[in-house]
Amino acid sequence: MIFAFLGQIFTGSAQIRVEKNINYAGNADEANTLNIYHKKGELQNQDVIVFIHGGSWSSGKKETYWWLGRNLAKNNIVTAVINYPLAPNATYKEMALASAKAVKWVKDSIANYGGNPNRIFVMGHSAGGHLCELINADPQFFASVGITNPIKGVILDDAFGLDMDEYLTKADKDESYTDFLRTFSTEQKTWQLGSPLFYVKNITNPHLIFYGSKTYEAIQIQSERIYKTLQVQNVPVKLEIIEGKKHVGMISQMVFGSNRLYKSITAFLTNTR
C-alpha cells in the first residue's frame, strides 16, 4: 500500500508548483511565513484556501502539510499553508493577528499564483480551526491590518477551542490545561474574548464543518453548537460527521488525495457564490 501511496503522491506532484517561505508580515521571522501550492500552467482566478495548522497553539509548522497543499492544488485550489507564532512566545491574540496578516497578504498577492483574491476561504484543523473562526468572527483582527473581512467561507476540520471559556471552566486540570493557559492566560474574561462562539452573531459567510465520531467530546459539542447557531441565523452551513475518526485522524486522513473530505471541500467551494 505504501508504494501505491507514494506513486499517487509523486505522479500528482509533477503538476504542482511550490513557492516556499514567503514572508507575509514584512519581517524576517520564520513564524510569519507561508508556502503556496498551485498548479502549473496558465490557470487564473482559481479558488484559494488559506490553511492554518493545529498543535494546541504551541506546536506545528507549515512544512508538515505539504501533502494537503499539493492535494488541494491538484483540485485547482491555490493553497497557502501558513506558519504563525506559537505559545509560549505568543498569545492567542498575537496568533490571530498573524493569521489575519497572512490572509491580507494572500488577498494582495495571490493573483500572481493564479488565485482569485475575491474567492479566499480559510481552513483549519484543531487550534487552527479556532484561529480561522476567530479572525472571521471577531472584526478586530482584519480591522487591525486595515481591510474588511475578505473570507468567502470557512472550513472547520475538528476545530478545537470554539468556546475556550466553557472548556477551561469544565476541563480536567491536567498538563494540557496548563499548556492552554499559556495561550489564553488565567483570566476567565480573556477565555471569553478568545472564544469564536462569543462572536457568532457576526458570522454571515458559509461554513463547512467536519468532526470525527471518535474525537474529543468538547469538539463534538462545540461543533454541533456552532452548526445549530448558524442554522438559526440562516447562514449556509453543512456539517459532516466522519465515522470512526479520532482527532489527529481527521487531518492525517487527507494525506490520500482520494480522501472523501476533498470531494466535500470542492463541492462546498463550488456551491459558495
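Here are some friendly notes on this predicted model, taken point by point.

1. Overall make-up. The protein contains eleven helices and eight strands. Its radius of gyration is 17 Å, close to the 19 Å that the globule rule gives for 273 residues, so the protein is as compact as a globular protein of that length. The C-alpha trace spans about 50 × 40 × 35 Å along its principal axes.

2. Surface and burial. Of the 273 residues, 58% count as buried. The accessible surface comes to about 11900 Å², and carbon and sulfur atoms account for 51% of that area. As for the contacts between residues at least 6 apart in sequence, 75% join residues at least 24 apart.

3. The largest core. You will find 66 residues in the largest nonpolar core, where Ile36, Trp57, Val106 and Leu168 have the most contacts inside it. Helix H3 (residues 92-109) supplies the largest share of this core, with nine residues.

4. A closer look at Leu168. Setting aside neighbours within four places in sequence, Leu168 is in contact with Lys173, Tyr177, Phe180, Leu181, Phe184 and Trp191. Leu168 is also one of the residues with the most contacts inside the largest core.

5. Ser264 and its surroundings. Ser264 sits in helix H11, which covers residues 260-271. Its relative accessibility is 14%, under the 20% cut-off, so Ser264 counts as buried. Beyond residues up to four places away in sequence, Ser264 touches Leu208, Phe210 and Glu240.

6. Helix H4. This one is worth a look on your screen: H4 (residues 127-137) is mostly covered, with eleven of its eleven residues buried. The buried residues of H4 include Gly128, Gly129, His130, Glu133 and Asn136, as well as Leu131, Cys132, Leu134 and Ile135.

7. Salt bridges in general. Side chains of opposite charge can pair when their charged atoms come close. In this model the count comes to nine salt bridges.

8. Lys62 and Glu63. These two form a salt bridge, with the closest N and O atoms 2.6 Å apart. Lys62 has 0% relative accessibility and therefore counts as buried, whereas Glu63 is partly exposed, with a relative accessible area of 30%.

9. A pair within helix H3. The side chains of Lys104 and Asp108 meet in a salt bridge at 3.0 Å, N to O. Because Lys104 and Asp108 are four residues apart in helix H3, about one helical turn separates them. An α-helix has 3.6 residues a turn, so residues three or four places apart point the same way. Lys104 is partly exposed at 25% relative accessible area, and Asp108 counts as exposed at 52% relative accessibility.

10. Glu240 counts as buried at 7% relative accessibility, while Lys238 is partly exposed, with a relative accessible area of 47%.

Note on methods: Residues are numbered from 1 along each chain as its sequence is written. This is a predicted model: local features need pLDDT of at least 70, side-chain atom pairs count only at pLDDT 80 or more; totals for chains, interfaces and linings use all residues. Side-chain values use heavy atoms; hydrogens and water are left out. A nonpolar core is a set of buried Ala, Val, Leu, Ile, Met, Phe, Trp, Tyr and Cys residues joined through side-chain atoms within 4.5 Å. Buried means under 20% relative accessible area, exposed over 50%, partly exposed in between (1.4 Å probe, protein chains only). Helices (H or I, at least four residues) and strands (E, at least two) are DSSP runs, numbered from the N terminus. Contact means heavy atoms within 4.5 Å. A salt bridge is a side-chain nitrogen of Lys or Arg within 4 Å of a carboxyl oxygen of Asp or Glu. The radius of gyration is taken over C-alpha atoms; the globule rule is 2.2 Å times the number of residues to the power 0.38. Accessible areas come from the Shrake-Rupley method with a 1.4 Å probe; for residues, only the protein chains shown count as cover.
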